[in-house]
Amino acid sequence: LPEFTESEKKRINGTFDFFGFNHYTTVLAYNLDYPADISSFDADRGVASTADSSWPDSGSFWLKMTPFGFRRILNWLKEEYNNPPIYVTENGVTRRGDPELNDTDRIYYLRSYINEALKATVQDKVDLRGYTLWSIMDNFEWATGFSERFGVHFVNRSDPSLPRIPKASAKVYASVVRCNGFPDPAQGPHPCLQQPDDAEPTASPVKTEVPFLGLMLGITEAQTALYVLFALLLLGVCSLVFLLYKYCKRSKYRETQPR
């Protein structure tokens with residue numbers, strides 16, 4: 001691949017506004033010289049990676065819970081890019097199987113990772129400006145579809161209104177947001193730790209009327225009108241085919257008659 005020239009390096013140096021960072025897990029990497037006949041991403045970079053078997057698993061085969069790696073990579077970004085403003089734009093963990101609202105493993109992940117981010121900010125002086133959880137609710141995760149759930153809210157997709165049901169991790173994360181961190185237990189109960197009333201599941205707004213041919217109709221009426229329109233269109237096509245058939249048959253009959 002072509003390399004940047006010295007003038008190009010000077011031109012782009014320092015032109016960024018912030019460093020946007022998606023982070024989920026950590027791996028152990030080491031140099032590895034692959035045979036020349038192997039063509040792959042790892043072979044091109046000459047690196048292999050592995051994970052410690054003692055690290056807690058998640059709902060994704062590639063995602064191990066490794067909070068210590070979060071603080072280390074934030075410090076690496078500080079040193080590598082001269083302590084830029086950093087915004088963590090994604091951070092979270094998956095679950096598989098039947099939805100379980102008491103997701104204690106996700107609570108462990110969030111508390112541990114956010115605590116490491118606070119250490120990097122307060123103790124290591126990393127210029128961390130913001131943190132975004134992935135994700136507020138379960139959603140479509142690319143090739144794995146809905147089988148891997150990142151959300152702190154469960155989405156019941158068998159219900160047309162798609163209700164969002166808060167998991168235990170949603171309440172924990174809400175308390176972290178209200179407290180802007182973790183209050184010191186030695187200072188006694190903190191007002192921000194007082195949980196509000198349990199949140200009721202929220203649902204998507206269901207439209208009662210839809211536009212149809214310039215008119216606003218109810219959903220049932222619009223469906224009926226659509227079926228009638230389709231039936232009339234089908235009848236018109238059949239009638240046209242029948243007329244064409246009769247016309248061709250009559251034309252062929254005239255051609256076969258003696259003059």
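**S135**

I looked up S135 first. S135 sits in the loop between β5 (128–131) and β6 (153–155). Helices (H or I, at least four residues) and strands (E, at least two) are DSSP runs, numbered from the N terminus. This is a predicted model, where local features need pLDDT of at least 70, side-chain atom pairs count only at pLDDT 80 or more, and totals for chains, interfaces and linings use all residues. Residues are numbered from 1 along each chain as its sequence is written, and side-chain values use heavy atoms, with hydrogens and water left out.

Is S135 buried or exposed? I find S135 buried, at a relative accessible area of 7%. My cut-offs are under 20% relative accessible area for buried, over 50% for exposed, and partly exposed in between (1.4 Å probe, protein chains only). I then listed its contacts (heavy atoms within 4.5 Å). Setting aside neighbours within four places in sequence, S135 is in contact with F150, G151 and V152.

**Cysteines**

I searched for disulfides, meaning a pair of cysteine sulfur atoms within 2.5 Å. The structure holds one. It joins C179 to C192, with S to S at 1.9 Å. This pair links distant parts of the chain, 13 residues apart: C179 is in helix α5 (residues 168–179), and C192 is in the loop between α5 and β8 (209–212). I read a torsion of about 105° about the S-S bond of C179 and C192, so the disulfide is right-handed. C179 is buried at 17% relative accessible area. C192 is buried too, at 11%.

Next I checked C238, which is in no disulfide. C238 counts as partly exposed, at 45% relative accessibility.

**Residues 225–245**

I took one feature from the record. The unreviewed UniProt entry annotates residues 225–245 as "transmembrane region". UniProt positions are given in the numbering used here, feature names are shortened, and annotations may be inferred rather than shown by experiment. In the model, this span is 100% helix and 0% strand. The end C-alpha atoms of residues 225–245 lie 30 Å apart.

**Aromatic rings**

I paired rings of Phe, Tyr and Trp (its six-membered ring) if their centres lie within 6.5 Å; planes under 30 degrees apart count as stacked, over 60 as edge-to-face and the rest as tilted. The count comes to 10 aromatic pairs. W76 and Y81 have ring centres 6.2 Å apart and planes at 85°, so this pair is edge-to-face. W76 is partly exposed at 44% relative accessibility. Y81 is partly exposed at 37%.

F140 and F146 also form an edge-to-face pair, 5.3 Å centre to centre with 75° between the planes. F140 counts as exposed at 54% relative accessibility, whereas F146 is partly exposed at 42%. I also noted a cluster: ring pairs link F19, F21, W76 and Y81.

**Largest pocket**

How much space lies in the largest pocket? I get about 320 Å³. On a 1 Å grid over the protein atoms alone, a pocket is an open set of points where a 1.4 Å probe fits, with protein on both sides within 12 Å along at least five of seven lines; lining residues have an atom within 4 Å of a point. Grid points are joined across faces, edges and corners, and a volume is the space filled by probe spheres set on the points.

The largest pocket is lined by 13 residues, and the closest to its centre are I114, L118, Y131, V176 and N180. α4 (104–122), β5 and α5 each supply at least two residues of this lining.
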